[in-house]
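The paragraphs below go through it piece by piece.

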Amino acid sequence: DFGINGVSTGGQSLTVEAASARAILPAMGQQVALDQVSIASQDATLRGSANVTDLDATGTLVVDLNSASGGLIEVVATDGDILFDDASSISGGEQLVLRTVDTSGSTPRTVRVGEVGTNGRLESLEISSDNAELWGDILTAGGDIGVFANVAVRDSITLDTQLDGAGGDAGDVRFAQAGESFDAVPASGLVLNIDATATSGEGGEIVLPTGFFQGFDQVTLAAGQITLDNDISIEGGLTLIGDIILADTRSVDTNTDDLGDSGALNLTDAIFSGLTNDLTLTLNTSTSEAGFTSGRVDLGGFEDGGDRSFVSGVQVEAGGVGAGAASNDVHLRRDIRLDGADPRFVVLTEGTLFVTRSSVIAVSLAGDPASMGAGGLIDVSGVGSLQAGEAGAGLSLVTGQEGEIVLGRVERGSESLASLMLDSASGLNRLTDSVEIYGAATFRGDLTRVEQTLVIDT
């Protein structure tokens, strides 16, 4: 029930040393801010908010208002930093805000945290500063995680806003505004997992200021909703899970500097839609460096998301584009339905396009297969071959009126397509290579053009 304050002359500091004991601290600086607060304790409990110039801490800190209803603890550093040791731990069932203020407007300030919520999940966490250093996992119990700063991730970390198996909704994960960075330091070898999914409630949203994940070998983003406000560039693998919304025409590149192997792109459990009409998505896992391999692509679904728009165009590039560079495979795992002024689906790789379940690729859909719009292009002639990825899989390629479908080589691999349909309505089907399946092959359109001597074997 007490507080610790400075006096009006200012400049007072507080050092708490309890290296092998527990320290319980009340609110600090609520009437007159303290200058420097240093906490070195095996187990410290903060029972109130703090206004300071600088705060540094080591050991374990529990934020606890000693109230059954929970509440907010805010630590504000004015013209200073908030620095928790990189091996420190923050836990407790409260909402925690760590904020720096620079009154001069010219000196960047920093918030540094180690593990947060690993020994007891926080209700929520907000970090607001010029710079933020993240050294450990951040876990909340259904509340939001907000980091509004230039972010430097110093180790492989997980950000998770709901305990697996717990009831209730997951919180959002939001990062800095556009123009602020999100980098791994050191610039290689780190893994980033952001999980805003819920077992029984609604998933949260992930909001990213930038799509440039410098220095991460693998990034996994899982949420109820992820809005792509920017292109995504990474020198490694990327997994997206949830409803993925394009805010504008976007690209995803897993080999930004085009050196070495490209990262894999796993979109198996992603469903894409657009905020507006006529948006396109380019997925690039190619490499041009001799002796290295492009990244595998697992494609998810493309729908209208109910109250959103269809994506208009998708282009997948997983080929080795330079001499001696190897291509990789593309796996079709869900239906792809596109619509717009110039709808198109194109795959470019010397690897194999695998159909891993019976799937439909439909362009110029207009929301209903029974009312196809005009035009559209499906071009899968730029792949090494098209094969079934599992027994019984079939593929239907459908365009609107006067559309065009271009089909390359279809082979029997370890499994064979059970059916194949090309339906360009009153348009054109172009066959550029032989077709081998075990099942029905159906061609619908005003014209099916055979561009070389080939075999259709069912």
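**A walk through the model**

Leaving aside residues up to four places away in sequence, Asp423 is in contact with Leu397, Val398, Thr399, Ile405, Asn429 and Arg444. You can find Asp423 in strand β38, which covers residues 419–423. Is Asp423 buried or exposed? Its relative accessible area is 17%, and the cut-off for buried is under 20%, so Asp423 counts as buried. For a sense of distance, look from Asp423 to Gly382: the two are 41 residues apart in sequence, and their C-alpha atoms are 19 Å apart in space.

Now step back to the whole protein, keeping in mind that this is a predicted model. The protein has 43 strands and zero helices. Its C-alpha trace spans about 90 × 45 × 40 Å along the principal axes. Of its 458 residues, 50% count as buried. The protein exposes about 18000 Å², and carbon and sulfur atoms supply 44% of that area. How much do the contacts join residues that are at least 24 apart in sequence? Among contacts between residues at least 6 apart, the share is 56%.

Strand β5 (residues 50–63) runs parallel to strand β6 (residues 72–78), and three bridges join them. Within this pairing, Val52 has Ala77 of β6 as its bridge partner. On to the next pairing: β6 also pairs with strand β9 (residues 95–101), again in the parallel sense, over seven bridges. Here Val75 stands opposite Leu98 in β9.

Most residues other than glycine have a negative phi. Asp79 is not a glycine, yet its phi is positive, at about 60°. With a relative accessible area of 29%, Asp79 is partly exposed.

A second residue of this kind is Ala425, in the loop between β38 and β39 (428–431). Its phi is near 55°, a positive value in a residue other than glycine. Ala425 has a relative accessibility of 24%, so it counts as partly exposed.

Next, turn to strand β23, residues 237–246. Why can this strand be called largely enclosed by the rest of the structure? Eight of its ten residues are buried, so the rest of the structure largely encloses it. Several strands pair with β23. One of them is strand β21 (residues 216–228), which pairs with β23 in the parallel sense over nine bridges; in this pairing Val219 stands opposite Leu238. Another is strand β25 (residues 265–266), which runs parallel to β23 and is joined to it by two bridges. There, Thr239 has Asn266 of β25 as its bridge partner. Strand β26 (residues 270–274) also runs parallel to β23, with five bridges between them, and Gly242 stands opposite Ala270 in β26.

The charged end of Arg412 sits over the ring of Tyr438, at 4.1 Å from the ring centre.

Our last stop is Asn328, in the loop between β30 (313–317) and β31 (330–332). What does its side chain reach? It reaches the backbone oxygen of Ser294, at 2.8 Å. Beyond residues up to four places away in sequence, Asn328 touches Thr293, Ser294, Gly295, Arg296, Ala318, Thr349, Gly351 and Thr352.

Key: Residues numbered from 1 in each chain as written. Predicted model: local features only at pLDDT ≥ 70, side-chain atom pairs only at ≥ 80, totals over all residues. Heavy atoms only, no water. Buried < 20%, exposed > 50% of the residue type's maximum accessible area, 1.4 Å probe, protein only. Helix = DSSP H or I, 4+ residues; strand = E, 2+ residues; numbered from the N terminus. Pairing = 2+ DSSP bridges. Lys NZ or Arg CZ within 6 Å of the ring centre and 35° of its normal. Contact = heavy atoms within 4.5 Å. Areas by Shrake-Rupley, 256 points an atom, 1.4 Å probe, with all protein chains shown as cover. Polar contact = N/O pair within 3.5 Å; in protein donor to acceptor, adjacent residues only side chain to side chain.
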